[in-house]
Amino acid sequence: MLSLKNITKTYQTGSVKFGALNDVSVSFRKSEFVSILGPSGCGKTTLLNIIGGLDRYSTGDLVIEGKSTKDFTDKDWDTYRNHRVGFVFQSYNLIPHQTVLQNVELALTLSGVDKKERKRRATEALQRVGLGDKLKNRPNQLSGGQMQRVAIARALVNDPEIVLADEPTGALDTESSVQIMEVLKEISKTRLVVMVTHNPELAEKYSTRIVRLLDGKIQSDTQPYNPRKTEYKEEPKKSTKKRMSFFTAMSLSFKNLMTKKARTALVAVAGSIGIIGIALILAISSGFSNYVNKMQQETLSSYPITLSNQDYDVSNLMQMFFSSTTGQSATNMDKVYTKNELTTMLQEFNTSSQKNDLASFKTYLDSEGAEKLEGYTTAIQYEYPVNINAFFTSPENGLTCVNPSTVFADKITEYAITHPNMTEDQQMRFGLLNYMFGNTSSFYSNEFWGEMLDNQTFLQSQYELVGNGSQWANEANEVMIVLDKNNQLTDYTLMGLGLIDQNLLTSYMDNYINNDQEIAPINTSFTYDDILGLEYKLILESSFFQDINNDGKYVDIRTLKTTNPSEYQSRVAALYADDANTISIRVAGLIRPKADVTNASISTAVAYTSALTDLVIERNNASNLIAAQKANTTTNVLTGEAFDTTSTSALAQQADVLASLGYVDTNNPTSIYLYPTKFEDKEVIANVITEYNKACVALGEDSKVITYSDTVGTMMSSISTIISAITYVLIAFVAVSLVVSSIMIGIITYISVIERTKEIGVLRSVGASKKDVKRVFTAESFLIGLSSGLLGVVVAGLLTIPINIVLSSVAGISGVAMLPIVGAVILVAISVALTFIAGLIPARIAAKKDPVVALRAE
């Protein structure tokens with residue numbers, strides 16, 4: 001079965017060689033109890049280790065079942081130890097952080113036995129040695145004799161052919177020694193037991209054969225065995241499936257880490273510091289990026305990519321403006337030269353100006369362009385020269401035009417007429433009012449009505465309905481009243497909309513002009529029901545042109561407002577009452593920006609849909625005057641006079657008349673607004689425009705090429721770039737601590753290798769390969785990295801709470817610091833990866849340890 005032929009074993013320390021075995025030849029039967037006796041240092045343990053495959057012979061051969069082991073690989077020796085050999089050591093060599101059952105199961109784990117079968121066989125082995133009631137105990141809870149019986153059970157659990165016992169009773173009392181010897185004697189009835197001992201009495205009593213060694217040579221053998229070749233029978237090969245799963249390795253490592261809870265916790269905390277730092281940077285930068293993205297989307301809803309029928313190359317203008325400061329070089333410094341700044345600027349304006357053929361681009365968008373922009377735009381809006389002439393009647397103000405609102409300009413004009421003899425101070429104050437609210441004012445807009453985005457989903461993400469009965473405008477004749485976040489409308493707006501007495505404005509003007517400090521605030525409030533359902537009427541633009549003198553000439557009756565106010569009011573009232581000239585409008589709902597919205601898309605107090613724009617265009621284009629002018633290309637239907645074509649074509653003059661009547665060609669917008677879904681989508685939109693321009697150039701239609709400027713986009717892009725740059729720099733600094741902590745974990749793993757040296761020897765003795773040992777320690781690094789990473793992201797997540805509180809109180813920004821889930825997962829993965837890499841070197845050192853040396857470690 002097993003034969004040693006001329007085995008020698010030499011150890012070398014530096015230049016000194018020591019012979020442990022010298023030409024040893026011995027054969028063993030399949031079942032016998034062999035005791036090897038001899039003084040210390042005679043080579044007994046070395047012989048046992050060579051038989052067990054833990055140590056390699058220098059020369060000679062170990063023959064197993066007639067097969068030489070000269071060409072055995074490490075894998076062959078691992079399989080041999082795992083399936084054919086069981087070791088029983090003097091010092092038991094049990095793994096302290098595992099239970100009795102787990103210690104015995106270890107060899108089966110390496111054999112690839114499933115969990116259920118593993119537990120059954122290990123339990124049976126322990127019951128066989130009388131420890132069936134100690135399965136869950138740990139080694140330190142057992143006596144010496146019990147621990148040795150656990151070691152025997154571990155040796156037997158894989159049903160080995162050979163059991164090797166090295167001084168199994170050396171550390172036991174007499175009673176325990178007898179018990180162990182009885183167990184070994186029983187085992188020897190079915191397999192080979194080879195025992196090394198110093199005790200000749202025990203050997204004589206229990207052994208069937210005694211081999212004595214001295215100075216590395218066999219001195220005597222009581223039952224020598226010389227097998228004949230015919231005695232070797234080929235037995236079925238045992239399974240060579242042998243590996244330790246990573247989960248088993250993690251289990252071993254986890255139990256070891258739990259025996260040093262304080263150190264493990266400190267290492268995890270130290271390793272998490274870098275993760276916490278990076279996680280906090282990511283949380284804040286990601287939060288600010290999301291905040292900026294949100295601002296971008298909201299800003300872009302107010303500042304979309306705009307294509308106008310008349311565009312300027314803003315970049316060229318800016319370059320010209322900044323370069324103009326350098327001046328022009330003079331050839332001689334003997335005169336004062338002219339610096340052509342004004343002329344250069346005007347010339348640049350002239351050359352930078354370009355007309356865009358928006359009609360062709362709209363045709364492109366209506367066909368394939370819209371499909372290419374789908375998902376990248378929240379809305380595509382077309383602007384037309386449409387006048388929304390809204391009128392409202394109330395008991396306080398009567399019938400008034402509320403859009404464009406002229407109440408402020410009218411009151412200022414009225415005040416100037418009624419107060420011709422103002423003092424110099426009063427004139428100064430009146431001039432300021434006229435500047436702010438007069439007909440030519442740019443300080444306050446008189447447009448209170450505006451078209452909202454044609455994307456209700458996006459609007460609902462920015463606004464919430466206010467009041468019972470409020471609903472979004474779904475019909476062309478429905479509008480929304482837009483409040484601020486505090487449910488307010490300015491007094492200026494309320495006056496302009498005719499909702500409060502406009503005569504108050506006269507008294508306020510009088511108070512201000514006369515330097516009266518007491519200007520009482522307006523404390524009027526409205527219920528939601530007061531505003532919901534309010535009705536306005538739009539008067540069509542062409543309806544204002546009437547033949548007031550019955551002479552066939554049409555004039556705009558709005559010119560009568562200053563010359564004949566009563567007739568103006570009478571004619572407007574007649575239009576207001578005539579459904580043929582008006583469109584009735586109803587307030588469908590009130591909305592206000594949501595609390596977290598910083599830049600809402602609607603800038604007017606009254607918002608209407610594009611359907612109303614379309615309806616106004618359709619109704620107005622159908623007027624008799626417009627129809628008559630479209631049919632007549634030679635005569636101005638308003639004056640009845642023929643077009644003078646000496647300087648301007650008749651078609652151009654016809655177009656001017658149609659424009660004054662409010663005629664709109666829906667195929668030719670004055671502006672196109674492209675609202676990107678998010679900031680990055682602007683690039684996609686720009687690519688679509690570039691693709692369109694290239695197609696136009698390829699077809700020789702250069703006049704259709706579109707230009708546009710995007711200064712807001714450039715500014716916002718710079719902000720995002722700055723945030724990203726700061727984030728990368730901070731992460732680079734914090735990453736240093738992450739690398740340092742990884743190195744520290746590598747050192748801790750190396751310390752663990754030193755501490756668990758004996759365990760390495762035990763693992764190798766039961767058949768663990770070098771890869772299995774390496775896997776145990778890489779698993780330990782993995783667990784430390786995982787715990788550090790998880791601890792880091794959890795602590796960072798908790799720290800975002802006070803950070804958000806501080807940011808909210810200091811900057812008024814809420815919910816900014818928020819660690820993204822993907823970022824957290826990546827950080828944990830990075831932590832695991834770095835510690836795994838850091839643990840590779842210690843794990844490699846562990847795998848290379850000599851199992852014989854490892855077993856001697858204390």
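**Close-up views of the predicted model**

**Figure 1. Strand β23 and the strands that pair with it.** Within β23, Thr582 is the bridge partner of Ile539. The view, like those that follow, is drawn from a predicted model. The bridge involving Ile539 can be read together with the pairing of β20 (residues 535–539) with β23, which is antiparallel and extends over five bridges. Strand β19 (residues 478–482) also pairs with β23 over five bridges, but in the parallel sense, and here Glu478 has Arg586 of β23 as its bridge partner. Strand β18 (residues 463–466) is joined to β23 by four bridges, and these two strands run antiparallel; Val466 finds its bridge partner in Leu590 of β23. Strand β23 itself spans residues 582–593 and is mostly covered, with nine of its 12 residues buried. As background to the view, the strands of a sheet pair through backbone hydrogen bonds, in either a parallel or an antiparallel arrangement.

Figure 2. With a relative accessible area of 42%, Asn6 is partly exposed. Glu167 likewise is not a glycine and has a positive phi of about 50°, but Glu167 is located in the loop between β7 (162–166) and α6 (174–187). The relative accessibility of Glu167 is 8%, and Glu167 therefore counts as buried, the limit being under 20%.

**Figure 3. The cis peptide bond between Asn403 and Pro404.** The peptide bond leading from Asn403 to Pro404 is cis, and its omega is near -10°. Pro404 is situated in the loop that lies between β16 (398–403) and α13 (407–418).

Figure 4. In helix α23 (residues 650–660), the buried residues are Ala650, Gln653, Gln654, Val657 and Leu658. When viewed down the axis of α23, these buried residues fall within an arc of 140°, so they line one face of the helix. Just after the helix α23, Gly662 adopts a positive phi of about 90°.

**Figure 5. The crossing of helices α28 and α29.** The axes of α28 (residues 821–838) and α29 (residues 840–847) come within 4 Å of each other and cross at roughly 40°. From α28, the contact is made by Phe836, Ile837 and Ala838, and from α29 by Leu840, Ile841 and Pro842. Sorted by type, the residues of the contact between α28 and α29 comprise six nonpolar, no polar and no charged.

**Figure 6. The surroundings of Ala857.** Ala857 is placed in the segment after α30 (851–856). When its neighbours within four places in sequence are left aside, Ala857 is in contact with Thr757 and Lys758. The C-alpha atoms of Ala857 and Ile754 are separated by 9.2 Å, while these two residues are 103 residues apart along the chain.

Methods. Residues are numbered from 1 along each chain as its sequence is written. This is a predicted model: local features need pLDDT of at least 70, side-chain atom pairs count only at pLDDT 80 or more; totals for chains, interfaces and linings use all residues. Side-chain values use heavy atoms; hydrogens and water are left out. Axes are lines fitted to C-alpha atoms, for helices over the stretch in contact, and angles run from 0 to 180 degrees between N-to-C directions. Contact means heavy atoms within 4.5 Å. Ala, Val, Leu, Ile, Met, Phe, Trp, Tyr, Cys and Pro count as nonpolar, Asp, Glu, Lys and Arg as charged, and the others, Gly among them, as polar. Buried means under 20% relative accessible area, exposed over 50%, partly exposed in between (1.4 Å probe, protein chains only). The arc is that of the directions from the helix axis to the C-beta atoms. Two strands pair if DSSP finds at least two bridges between them.
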